[in-house]
Amino acid sequence: MNRAEKAALQLRAVDVLRMLKETRTYDELAETTALPAGDLNRYVNGHVLPGTERARNVVEELGRDALAEELTARIRVDDDGYIDNSATVFDQPFLDLVAPVVANGFDFDRPDVVLTAATDGITLAASLASYYGTRCAYAKKRKETAVEEFIEARERLQSGIELTYYLPESAIDEGDSVLVVDDLIRSGETQELLLDIVGTANADVAGVFALIAAGDDGIQRARNHTDAPVGSLTTV
Ligand SMILES: O=P(O)(O)OC[C@H]1O[C@H](OP(=O)(O)OP(=O)(O)O)[C@H](O)[C@@H]1O
Ligand SMILES: Nc1ncnc2[nH]cnc12
C-alpha cells in the first residue's frame, strides 16, 4: 500500500467511525469497535488518524456489519413483500460510505467500468465508480437519443413480458473489467441482462454486487452466469 492509499484508508475509517458515532456514545462505540474510547474521540474529532491495521479492521470488518445493519434499518417491506429502499438509493453520502466497504470487503477485481441498470442502481454505481476512479455506465430500457450504436440484451421475463436493455456501444471497451452492480437483486433477470451485455462487449466480469438481495434466487442465478465473485450487503 502506498502512502496515498494508506491515507485514504485511514480517512475512510474515520468516516465509518463518525457514522457509527451518530447513534452511539463513545463508551458504546468503544464496545462496538473494541478500541479505547479516548482514541475514538481523537479519531472522530480528527486530531489523530487510526493506524493502518485499525483502519483496515474498521473499514472491512466493522464497517461492513455496521453498514449492513444501517441498510436493513432503512428498508421498508410492504404487505406484498416489495421493497422500498429509497431511503438508501437517494442518500449519496451513505452510498459513498458503502463504496469502500464493498470494494475492500468482497474479492472483486479492480474494474475499468461500473455497470448498472437504470434507474435505482445509478447512485450506487456512481459512488463505486467514484471510489475506484473509473467510468460509470448504465443500461436503459429505451434507446438514448443521438446515440447510434447500442449493445442490446433481451429476455422474456417470468411474466412473459419481453424486456430489452440498451447500452451505448462506446460505454464498454473490449477486454474491460466490468463490475456489475444494482441496488436490488430478486429474480436476477436484470443482472443476467447486464452480464449478457458484458459478454457481447467481449469484456470481463470483475464481480456482481447488489446492496440488497431479496431472497437467494437472484444471487444464485448470477453465480450460474459468472465465475467472478457475487455478493450482497444484506439479504431480506
Ligand atoms: O432481480 P430482478 O428481479 O431483475 O429485480 C431487480 C431490479 O428491479 C429493480 O429495478 P426496476 O426494474 O424496478 O427499475 P427501476 O430501477 O427503474 O425502479 C431494481 O432496481 C433492480 O434493477
Ligand atoms: N422494489 C422491489 N421489491 C422486490 N422485488 C422487486 N423486483 C423489482 N423491484 C422490486
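Mentor: Start at ligand 2, where a nitrogen atom lies 2.8 Å from a backbone N or O atom of Ile83. For a polar contact, the cut-off is a pair of N or O atoms within 3.5 Å; within protein, one must be able to donate a hydrogen and the other to accept it, and residues adjacent in sequence count only if both atoms are side-chain atoms. This is a predicted model, in which local features need pLDDT of at least 70, side-chain atom pairs count only at pLDDT 80 or more, and totals for chains, interfaces and linings use all residues. Residues are numbered from 1 along each chain as its sequence is written, chains are lettered from A and ligands numbered from 1 in the order in which they are written, and side-chain values use heavy atoms, with hydrogens and water left out.

Trainee: Which residues surround ligand 2?
Mentor: Tyr82, Ile83, Leu184 and Arg186 do, where being near means that a heavy atom of the residue lies within 4 Å. In the side chain of Arg186, an N or O atom is 2.9 Å from a nitrogen atom of ligand 2. The protein covers 67% of the 260 Å² of accessible area that ligand 2 has on its own; such areas come from the Shrake-Rupley method with a 1.4 Å probe, and for residues only the protein chains shown count as cover.

Trainee: And ligand 1, which residues come nearest?
Mentor: Of the 13 residues around ligand 1, these are Asp182, Asp183, Arg186, Ser187 and Thr190. Asp182 has a polar side-chain atom 2.6 Å from an oxygen atom of ligand 1, and Asp183 also has a polar side-chain atom 2.6 Å from an oxygen atom of ligand 1. Arg186 places a backbone N or O atom 2.7 Å from an oxygen atom of ligand 1. Of the 500 Å² of accessible area that ligand 1 has on its own, the protein covers 75%.

Trainee: Which element gives the largest share of the shell around ligand 1?
Mentor: That is β7, with four residues. Helices (H or I, at least four residues) and strands (E, at least two) are DSSP runs, numbered from the N terminus.

Trainee: Change of topic. Where is Lys141?
Mentor: Lys141 is in the loop between β4 (135–139) and β5 (150–156).

Trainee: Why does Lys141 count as exposed?
Mentor: Because its relative accessible area is 53%, and exposed means over 50%, buried under 20% and partly exposed in between (1.4 Å probe, protein chains only). Lys141 touches Leu163, Thr164, Tyr165 and Tyr166, leaving out residues up to four places away in sequence; contact means heavy atoms within 4.5 Å.

Trainee: What about Arg110, buried or exposed?
Mentor: Arg110 is exposed, at 56% relative accessible area, in the loop between α6 (92–105) and β3 (113–117). A polar atom of the Arg110 side chain lies 2.2 Å from the backbone oxygen of Tyr132.

Trainee: Which residues does a cis peptide bond join?
Mentor: Ala118 and Thr119, with omega about 20 degrees. Most residues other than glycine have a negative phi, and most peptide bonds are trans.

Trainee: And what is the phi of Ala34?
Mentor: Positive, about 60 degrees, although Ala34 is not a glycine. Ala34 lies in the loop between α2 (26–33) and α3 (37–44). Ala146 also has a positive phi, near 75 degrees, and is found in the loop between β4 and β5.
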